Amino acid sequence: MKKTYKKAFCILLVFSVLLSISSISAMAETTQHATGLIWDTWESYLKNMDETTLRALSTQRPGDVDADGKISASDARLCLRAAAALETLTEPQRAAADVDNSADVSASDARKVLRTAAGLDVLEDLAIDTTLDWGLVIGPLKGRGSGRYFWQYRIDREGLTVTEESIAPPEGKDGASPETFFVITPEKPGKYTVTFQLTTFAQDTVLDEFRLDITVT
């Protein structure tokens, strides 16, 4: 009987060790804060930047609530419906709709988006603060003209790495443009301005643009 107990104990010990090894491997790509909280690192996200990750981390262009790459009357309509509690927005959509930075979506936001769509107003630049150990994703942004126009970026100074990730449109949508996400990784502290422009490949025609101000500490 004692041998049976010893054997069972040894088997249990082996499983415990294997479980510990698996847990350590799973945590290899995480960071532990002084509080004891553990979360994924930016590097771990970069290694697995699939569609789900891109959408989860994305920050949409201000005013572009439906994420179709442009600010239009349909965005204003979404703002108004959300303000009246007739539409439920995702967190990225709510942030894009809150163009007056009031921490809420209101009729005032809808009016400002509509005026911007009509060329009567200009939205403030998107501003984001981050740290050296964390980046950001801007998008999705869609091109126009069946691929003739697409989004490009320009940085005012060195210190950021920007990569583009594209997601093809669903099958059956002929002429639809892919969704583009811009993944930004800080390399050194500072203040940066990234300009996103909807242009031809030759950049001889600009249909649309907006700016992102980034502060890295």
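Predicted model: local features only at pLDDT ≥ 70, side-chain atom pairs only at ≥ 80, totals over all residues.

Colleague: How many aromatic pairs does the structure hold?

Modeller: The structure holds seven aromatic pairs.

Colleague: Where do Tyr 45 and Trp 134 lie?

Modeller: Tyr 45 lies in helix α2, residues 42–47, while Trp 134 is in the loop between β4 and β5, so the pair ties together parts that are 89 residues apart in sequence. Tyr 45 is partly exposed at 24% relative accessibility, and Trp 134 is likewise partly exposed, at 29%.

Colleague: And why is the pair of Trp 151 and Phe 210 edge-to-face?

Modeller: Their ring centres are 5.7 Å apart and their planes stand at 65°, so the pair counts as edge-to-face, the cut-off for that class being over 60 degrees. Trp 151 sits in strand β6 and Phe 210 in strand β10, 59 residues apart, and the pair therefore links distant parts of the chain.

Colleague: Buried or exposed, those two, Trp 151 and Phe 210?

Modeller: Both Trp 151 and Phe 210 are buried, and they belong to one aromatic cluster together with Tyr 153, Phe 182 and Phe 196.

Colleague: Changing topic, what is the strand order in the open sheet of four strands?

Modeller: The order is β4-β10-β9-β6, with mixed pairing. Strands β4 and β6 stand at the edges with a single partner strand each, so one side of each has no neighbour in the sheet. On average, neighbouring strands of this sheet are turned by 25° against each other, direction ignored.

Colleague: How many bridges join β9 to β10?

Modeller: Ten bridges join them, and the two strands run antiparallel; among the bridge partners are Gly 190 and, in β10, Val 216.

Colleague: Which residues does the cis peptide bond join?

Modeller: The cis peptide bond joins Gly 139 and Pro 140, with omega at about 0°, and Pro 140 is found in strand β5.

Colleague: What about phi at Ala 85 and Asn 101?

Modeller: Ala 85 has a positive phi of about 60° although it is not a glycine, and Asn 101, also not a glycine, has a positive phi of about 55°. Ala 85 lies in the loop between α4 and α5 and is exposed, with a relative accessible area of 68%, whereas Asn 101 is placed in the loop between α5 and α6 and counts as exposed at 57%.

Notes. Residues numbered from 1 in each chain as written. Heavy atoms only, no water. Phe/Tyr/Trp six-rings, centres within 6.5 Å; stacked < 30°, edge-to-face > 60°. Buried < 20%, exposed > 50% of the residue type's maximum accessible area, 1.4 Å probe, protein only. Pairing = 2+ DSSP bridges. Axes fitted to C-alpha atoms, helices over the stretch in contact; angles between N-to-C directions.
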